[in-house]
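I opened the notebook to look up the overall fold and the aromatic contacts. My entries follow the model below.

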Amino acid sequence: MASGVVRLFPVPREPQPPRVEHHVVHASARLLDFLASRIDGVDDVSGKELLDIGAVWMAPAAPPRSTRGVPRGERARRLTVKDAALALEVGNYLRVHVSPKRFPAAYDVDWRGCVLVNGAEFIVAHKPARVSVVPTVDNVRESCLAMLERELGIERDTLKPIHRLDVGTEGVLVLGKTSAFAKEFGDMLAKRECTKVYRVLTTREVPLGIHVHDCVPAPSGPRRMLFELVENYNEAEEIAKLRIRDAGERGGESGPQRCVLRVLECAQMTDAANDECQYETRVELLTGRTHQIRGQFAALGAPLVGETLYRAPGESNGDDDVRMQNPDERLGLQASELHVHVDSSLGAAGTVFKAHEPWWVRERHE
């Protein structure tokens with residue numbers, strides 16, 4: 001292979017800098033020929049790789065900045081390797097993610113061993129860290145959905161994501177096989193008819209009991225939330241409010257969002273692999289906000305192990321000190337249990353789904 005030629009396989013173990021190119025077609029051409037002739041480093045082999053991984057998008061014409069009001073047929077669509085011989089016309093627009101985001105850990109996972117329950121309408125799986133739940137804008141092949149479909153022989157694009165876990169988070173993940181189940185489980189989350197318990201790894205202790213914060217999106221810098229401690233609240237009233245407002249993962253109210261969690265246990269890990277003191281905490285999530293545990297624990301002065309986006313009060317240097325996690329990094333966070341409180345397609349009331357031991361426990365026993 002000549003120097004500078006793009007190849008997606010073998011998968012690079014280190015994250016590569018993003019590279020996205022935008023092109024307008026000025027002369028009719030076959031898609032694969034266009035990619036090989038117009039994009040530096042791309043030949044027929046890498047062109048097919050980019051199409052297969054889902055890194056090439058096309059629209060009839062260069063789209064406006066906002067797609068609001070743009071007919072669906074005029075919006076950009078993801079191309080596949082079946083489109084390699086597509087005849088491009090003058091004026092067509094292409095967006096090519098020449099260096100797509102990769103998740104090499106996806107190839108190190110025993111995906112069949114990750115399946116906790118394979119039901120007629122759903123799958124409950126143990127999501128590994130370092131793998132996205134859903135496809136990204138430039139990669140449809142290395143997500144939990146795609147890997148499970150491939151391993152279990154399920155038709156592509158069948159599994160439906162209903163809730164999310166961050167790339168660096170592991171644990172119990174419920175995926176729908178039917179739209180009816182996806183709606184049922186989404187309603188259960190919104191009505192708190194099922195709840196989640198997390199295991200959290202930190203280097204500082206967190207007080208037991210209820211913790212309440214309000215959060216708003218950060219006005220600048222990396223995409224994250226800003227959490228402010230609510231000091232004066234009535235615990236009974238906060239719990240009562242959860243029963244009457246939409247406290248599930250559908251969120252929804254405008255303005256600051258109320259975040260409530262309950263710390264059930266916090267124990268020092270005496271057999272830590274290094275000299276650093278670590279604590280494992282069990283947390284019941286009472287609301288389901290974006291980055292809730294990550295942000296609330298940092299606001300309590302105990303950022304998660306592996307945290308890159310949230311800092312303890314007084315320990316941040318602003319946006320220069322925070323960043324999104326890389327795909328090869330993981331968090332000290334596991335969705336360890338899903339408790340079902342009503343009879344449903346998931347099973348009878350009282351059903352509990354449990355994840356495998358978290359990575360920090362597994363590695364200690366290896």
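Predicted model: local features only at pLDDT ≥ 70, side-chain atom pairs only at ≥ 80, totals over all residues.

**Aromatic cluster.** I looked up which residues group together. F122, F181 and F185 form one aromatic cluster. I then checked the rings of F181 and F185. Their centres are 6.1 Å apart and their planes sit at 5°, so I logged the pair as stacked, the cut-off being under 30 degrees. Both residues lie in helix α5 (residues 179–190), 4 residues apart, which is about one helical turn. F181 and F185 are both buried.

**Other pairs.** I found 5 aromatic pairs in the structure. One of them joins F9 and Y107, edge-to-face, with 6.4 Å centre to centre and 85° between the planes. This pair links distant parts of the chain, 98 residues apart. F9 is in the segment before β1 (20–24), and Y107 is in the loop between β6 (93–97) and α3 (111–114). I read 37% relative accessibility for F9, so F9 counts as partly exposed. Y107 also comes out partly exposed, at 37%.

**Whole chain.** I counted 8 helices and 17 strands. The radius of gyration is 23 Å, close to the 21 Å of the globule rule for 366 residues, so the chain is as compact as a globular protein of that length. The C-alpha atoms fill a box of roughly 70 × 45 × 45 Å along the principal axes. Buried residues make up 49% of the 366.

**Charges.** I looked up 48 positive and 53 negative charges; their mean positions are 5 Å apart.

Methods. Residues numbered from 1 in each chain as written. Heavy atoms only, no water. Helix = DSSP H or I, 4+ residues; strand = E, 2+ residues; numbered from the N terminus. Rg over C-alpha atoms; globule rule 2.2 N^0.38 Å. Buried < 20%, exposed > 50% of the residue type's maximum accessible area, 1.4 Å probe, protein only. Lys, Arg positive; Asp, Glu negative; His and termini not counted. Charge placed at Lys NZ, Arg CZ, Asp CG, Glu CD. Phe/Tyr/Trp six-rings, centres within 6.5 Å; stacked < 30°, edge-to-face > 60°.
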